[in-house]
Amino acid sequence: MLKKTLPVALGVVVGLYAVIQYYVPHHAVGTVTDELRDWAAILSAAAYLLGAINLIQVTLPKIRRREPDWQFKVVMLLSAGVMLIVGLPWGKVAGGGPGGQVVIEGRDEAAAAAGKAVLRFEADADVLVQAGTAAPVPSRDPFGRPAEIQVEPGPLVFKAFREVAGYGEFDTDAYARAYAAAHEAELAPVRAELAAATTAGDAAAITRLSERLAALSTPPPLAAGQVAVITADPPMQWGSSGRIFVWIYDHVFAPCNATMFALLAFFVASAAFRAFRARNVEAALLLVAAILIMIGNMPMGRWLWEDFPDIKQWILDVPNNGSRRAIIMGAAVGAISTSLRVVLGLERSHLGSD
Amino acid sequence: MSTSAGSPPPAPAPAAAPPPSRLERLQRFDRRWIFLAMGLAIVLPILFPIGLPIKAGPMTRAAFDTIEALQPGDVVYLSLDLDPASTPELEPFYRALMLQLKRKGVRIVIGSLWYASPPLVQRWIGESLDRPIAPAGTAGYGGPPDRPYVKNVDYVNLGFREGKQAVIQNLGADLRKAFDGVAVDGTPLDQIPMLDGRNQLKDFDLIILVSAGFPGAKEYVQYVQSTYNLKMVAACTAVSTTDLSPYMQSGQLLGLVGGLAASAEYELLVGKPGTAVDGADVLNAGHLMVIVAIIFGNVIYFVGRRRRRGGGTAS
């Protein structure tokens with residue numbers, strides 16, 4: 001009952017619903033459909049977990065029995081373990097600082113005369129800094145002096161980040177959060193008053209206190225001639241966007257992945273020599289079409305003969321598209337008939353042989 | 001070791017096999033020579049570029065024209081479904097596309113369905129959106145300069161979502177729900193002004209798919225294009241071009257940029273030649289090498305067949 005009948009019944013109900021929902025425009029049906037789609041996405045993600053468990057179940061016994069190439073399986077499991085560990089968001093557990101600080105100090109008379117404020121960045125040489133929406137510049141000039149950028153007076157808008165990925169940013173938002181945290185002692189009583197005013201329904205007090213809260217938690221704007229010294233030290237991050245994960249991705253995964261794909265060029269050339277033979281009319285047609293497509297696809301195809309790209313396009317548009325369309329429609333009809341068999345409970349092979 | 005008197009006499013040595021003919025030697029051609037030739041065909045054009053002219057094909061031109069018709073302030077959804085293996089073919093298109101969109105002031109929402117893409121996409125965003133691609137004075141570029149885009153103002157990165165076709169369907173129905181209502185940096189989507197009133201794919205002015213396989217452009221077309229009547233343009237690897245070209249012909253895709261050759265065409269249309277144009281010579285030599293291998297293999301095959309039928313021997 002639980003092994004056969006229940007799964008078949010579930011398949012019938014969900015399958016029929018998936019078809020019927022297309023023809024029922026009621027919002028309740030849409031809600032259920034959205035929910036089912038969420039389940040599908042969750043199941044798809046859960047398959048990775050099952051895959052990992054399956055990988056361990058299949059691989060560990062082979063390592064234990066020292067089967068051929070067992071060493072590679074050890075490397076595979078270790079690599080998977082390392083990526084799992086470095087991909088976890090440790091930073092969220094351990095927390096982290098804002099990545100810098102801002103101090104308004106001194107006065108630049110030249111900037112004041114020009115009606116400008118100044119941002120001075122104190123940071124490592126590998127940090128790029130950005131004022132407003134201008135393009136990022138190095139935090140130090142070629143002589144190692146800190147970058148000074150003149151900006152319009154007003155709210156401080158900046159960003160400092162490292163050239164390499166995997167580090168956090170020290171920007172306007174981080175500064176605002178740090179500023180609000182530093183003024184928590186002043187903010188707390190205002191928040192309490194605001195909560196009381198909200199409970200009492202005092203609209204005037206709510207407006208006044210909200211404005212006061214916003215003023216206390218927002219960094220002051222820069223005036224003309226003021227110099228904001230921004231000390232930035234963007235911290236290393238953990239997790240799937242963290243430095244170690246990204247380093248392994250960039251320096252191990254990406255080259256290996258690209259190498260595997262690049263090897264195709266060599267195997268295609270070898271296979272073209274050994275196997276691509278005009279043994280009969282059909283193979284000869286395929287061979288001629290392949291050569292014409294390749295010539296048409298080469299940038300020099302047009303240089304060889306103006307009409308090569310047009311011939312390629314004709315082959316793609318007419319014979320290829322015609323046959324592709326037939327394959328697509330045939331596969332679709334096949335999928336519909338298989339789905340119908342599943343929905344009607346006639347097809348049970350997906351439930352296993354037990 | 002000695003042989004006893006009662007043991008049988010040693011068997012006569014087999015007659016020496018005739019040396020293989022030249023044709024047989026060619027038929028057993030060591031494929032490492034082909035690998036070497038292919039290696040040279042790839043390396044030499046990089047060292048000594050020729051720079052033959054490139055002209056855009058109709059599918060690439062259609063993609064360019066569709067994107068060029070966007071207006072400042074329009075918002076496009078860009079799905080980057082790829083991995084490092086496909087970057088030589090697709091990254092040049094992506095960079096040319098970003099320059100084109102930024103020049104026009106089009107805002108961009110980025111998502112991905114491939115687990116291997118997030119670090120790659122993050123780096124691309126840093127290099128092409130957070131920073132200008134072609135600031136004033138860029139060598140070899142005569143078009144208008146672009147500016148850095150501001151995160152969550154000019155562009156939003158939604159990040160990666162597992163679920164393949166289910167996520168595509170969710171995007172078609174409810175973008176916020178598909179990404180749990182937050183961007184990849186944790187900013188609630190409701191706090192991002194450029195997403196006001198944009199709740200599903202049909203609310204975007206164009207859907208651009210940069211796709212290296214499954215799930216990708218084909219699934220977007222099959223699951224949401226017709227259902228929501230979406231305007232879509234796709235870029236794919238060369239091997240996927242034949243898969244997607246029927247959708248171009250049926251009008252479900254408004255443009256298709258297939259492979260490195262088309263990426264080179266796109267770079268020239270945008271006006272900033274890059275790595276795809278540099279790779280055009282490699283593409284020429286590599287394809288020529290495969291064609292020569294096919295012809296060479298068939299010549300040997302036909303000569304051998306004729307001799308076998310005629311009973312002749314090769315010298």
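## Two strands side by side

Strands here are DSSP runs of E with at least two residues, helices are runs of H or I with at least four, and both are numbered from the N terminus. One of the pairings links B:Ile208 to its bridge partner B:Val233 in strand 5 of chain B.

This is a predicted model, in which local features need pLDDT of at least 70 and side-chain atom pairs count only at pLDDT 80 or more, while totals for chains, interfaces and linings use all residues. Residues are numbered from 1 along each chain as its sequence is written, and chains are lettered from A and ligands numbered from 1 in the order in which they are written.

## The whole sheet

Six strands of chain B make an open sheet with parallel pairing, in the order 3-2-1-4-5-6; two strands pair if DSSP finds at least two bridges between them. At the edges, strand 3 (155-160) and strand 6 (255-258) of chain B each pair on one side only.

## Helices on the sheet

Helix 3 (residues 58-68) of chain B lies across strand 4, strand 5 and strand 6, at about 125° to strand 6. Angles run from 0 to 180 degrees between N-to-C directions, with axes fitted to C-alpha atoms, for helices over the stretch in contact. Contact means C-beta atoms, placed from the backbone, within 7 Å.

## The chain overall

In total, chain B has twelve helices and six strands. Its C-alpha atoms fill a box of roughly 100 × 50 × 40 Å along the principal axes.

Terms used: Contact = placed C-beta atoms within 7 Å.
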